[in-house]
Structure formats: C-alpha cells, structure tokens
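User: I'd like to learn how to read salt bridges and helices in a model like this one. Could you walk me through it?

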Amino acid sequence: MGARSFLLSYRRGDRDLLNENESLRLVFWETTEACNLECVHCRRSGVSREVSRKDLSTQEAFRLIEGLARDFDPPPVLVLSGGEPMVRPDLFEMMRFAVEKHLRVALATNGTLITENVASEIARSGIHRVSISFDGAKKETHDSFRKMPGSFERAMAGFKSLQSFGMPMQINATVTRHNVQEVEEIFRMALELQAKSLHYFLLVPVGCGAEIEATYQLTPQEYEGTLRRVHELSRRGGLHVRPICAPHYFRILSEEKDPSLKNSRHGSFHSLTKGCLAGTGIVFVSHDGNVFPCGYLPLSCGNVRAGTLNEIWGASDILRKLRNEESLEGKCGECDHKKICSGCRARAYQESGNFLGEEPNCLYVPPSSGPGRLAFDPPV
C-alpha cells in the first residue's frame, strides 16, 4: 500500500508545488503490479510475485518519461510506485533516464528489498526522495498488517541505509483501526528517525481494502477525531505532517484558521492544495498504461500506449468533471467547503458508484441556514 500510496511534498519556500495552479503536478506510476508482500489493505485484490508482461516495457516507460518532460511546463514530479518497484529489474535505468530529463523523481517502496548496496545505487541515481511505509510504530503492528514477519525490521534497515547515503526520507503510514492508537507513536518515531515528512494515509476501501472494510475502516467519528489529532501533531513542528486521502482535513484547517492555509503570494484558499486531488493535480498511471484520476478511483481516462499523457489530461471528460467543483452532487455539492475539500471521490465511487457523489466518511452538515455543523462530536 505504501508503495502505491505516496504523496510527496516538495517545497519551494513556504509553498507546496501543488499550490500554484491546477496543472498536473504529480504523476504516480505503478511501475509493476508485482510485489513481495501481501498487505491486507492493498489496492489490488490479488498480488503477483513476478513482473508481468503487461507492465509497460522499458521503451514504453522511456516514452512516458519523455512526454512528461516535453509536454508539461513545469514538468510534474514523477513518483515511481508499485506493486513494489524494487522488483522491476530496469528500475535504476528508468530512474537515471528521468533524472537526465530533468524530472524530479521520487521512489515509493516498502523498504524490505533495500540493502546497503541498493541504497547506494538509489542515492547515486539523483532522485529527490524516497518514502517507506510503516503501518505501526511497533513491529507486531506493522508485520501483521503487511503479512510478513520481519518486514518492520527490514524496512527500518532500508530506511537507515538510504539515510546514511544522504537520501531525504519520508514515512507513510496507513491509518486503520489496527493502529489508530499508535498515531502519536508513529509521529515520535518519525521525529527520532529524522524523517523529512510524515504522511498519514486514511484507508480507501478498494481492492483488498474493500474486503477488510468492516474490520479496519474508521467510522466517520473516528475519522474526524484522527484528523484533529494529526492536525495537533502537525503544529508541534520538527517535520512536515499531513494526512492523505483525507480531504476534509482542509475544512478543519479552515475552521481552526490554521496559517498553513494562507498562501504567501495569493492569500486565498483557491490557490492552495485542496483536499481531493484526483484528476486535478495528480493522475495515476497503472502498470499496463491505463490512466486513472488516482490510484483508488478505478475509472480509466485513457491509456498511454494509445496516446500521450498530455493528450489524456486535456481530453478526458472524467478529469474535466473532477476539476469542476460545481459538478459535485449530494452533500458535497452543497458544502461551503467544497472548493478546498471536494470530498474523497474514490470513497464516493466505492459507496454509490457515482464518483461525483457525496463523501461517506464526512460528519460535516453544510449550512442550509446558519453555520455548518458536525452531525456528531468526534471522539476526544
């Protein structure tokens, strides 16, 4: 999941690169569907151990990378994910090629295959950042979720090896009921490891995540409470903290009048990173070339084997609707925070089959008269 679920904050001064406009800023490329783990929350229902012939070939990958460098100004950040990207034998070749094309490149990995020699080669490739997933601050919590004994210790060893070669590191943590009580411990662990960023991913119930939803998915009340805890942690400083796949976090920032919402140049919410970025600032390219608004919203907008990503980005009706907040329906369409939140489009699709429908995990009741309110108080 962590290797598939990477959202990277590159910062320019105090501004996130996604803050400037609605052009394509991040491309998540599932380099392969193969993985050496069988995580209970994987966005895929089945996991392959072997690299598939359906994966984009090296030359097809080169064409994708060339298009990103040629067709977008500025070029988007390219995040190499999976599956587990370290399984792919030509990964380093693609890293170096992308760096030569002046792309900013990040690697999202579960960390278990990173030896000292591999870490050295990653660092020499010139990529900008690596994220490793820790789905708990304790090895028992992480290993049970990843379904591989020893995966926590192997990921930790990979993290420290990369750090020893000067690689800026990010920690990703998927938050469900199995580890929600470790949210603060994960924060302390990230501080101790001197990570640059910590991203808490709120489970989106697709693939295996749909199968475990009843057991692992937070209730809307728990979801709201978790976001408020993450907000409190973010204010402590020491590293960059944010929740991912948690769009109404931005509603909380607005309610709290958090200064991080204020853009130093524009000074308005409209110029800021908003909650759901599916199809607005990001896209997900699958291992076989299909382009989706994000890795959790299984609506194909085209395939890079049939056209360039730039052509798909401009022509897709699905993407155009996602960029227009006025297309939203139900409670999200009526919400006074829709321009900075938009609700999770993947959760809406999973719940109702309508990717423009309302976010099922949101407690907020938009104002029909008077101020908006929460349907229930979140847990303390």
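User: Let's start with accessibility: does Glu255 count as buried, partly exposed or exposed?

Analyst: Keep in mind that this is a predicted model. Glu255 comes out at 33% relative accessibility, so it counts as partly exposed, since that class runs between 20% and 50%.

User: Which residue does Glu255 form a salt bridge with, and how far apart are the closest N and O atoms?

Analyst: The general idea first: side chains of opposite charge can pair when their charged atoms come close. Here the partner is Arg228, with the closest N and O atoms 3.2 Å apart. Arg228 sits in helix α9 and Glu255 in helix α10 (residues 249-255), so this pair ties together parts that are 27 residues apart in sequence.

User: What other salt bridge does Arg228 form?

Analyst: Arg228 also pairs with Glu224, where the closest N and O atoms are 3.0 Å apart. For this one, think about helix geometry: an α-helix has 3.6 residues a turn, so residues three or four places apart point the same way. Arg228 and Glu224 are four residues apart in helix α9 (residues 220-234), which puts about one helical turn between them. As for accessibility, Arg228 is partly exposed at 24%, whereas Glu224 is buried at 0%.

User: Which residues are linked in a network of salt bridges?

Analyst: The network links Glu224, Arg228, Arg251, Glu255 and Glu256. Across the model, the count comes to 22 salt bridges.

User: Where in the chain do Glu325 and Lys274 lie?

Analyst: Their side chains meet in a salt bridge at 3.7 Å, N to O. Glu325 is in the loop between α12 (317-322) and α13 (330-334), while Lys274 is in the loop between α10 and β10 (282-285); the pair links distant parts of the chain, 51 residues apart. Both Glu325 and Lys274 are buried.

User: What do the buried residues of α5 pack against?

Analyst: The buried residues of α5 include Phe152, Met156, Phe159 and Leu162. Its buried set packs against α3 (116-125), β6 (129-133), α4 (139-146), β7 (169-175) and α6 (183-192). After α5 comes Gly166, with a positive phi near 85°.

Technical notes. Residues numbered from 1 in each chain as written. Predicted model: local features only at pLDDT ≥ 70, side-chain atom pairs only at ≥ 80, totals over all residues. Heavy atoms only, no water. Salt bridge = Lys/Arg side-chain N within 4 Å of Asp/Glu carboxyl O. Helix = DSSP H or I, 4+ residues; strand = E, 2+ residues; numbered from the N terminus. Buried < 20%, exposed > 50% of the residue type's maximum accessible area, 1.4 Å probe, protein only. Contact = heavy atoms within 4.5 Å.
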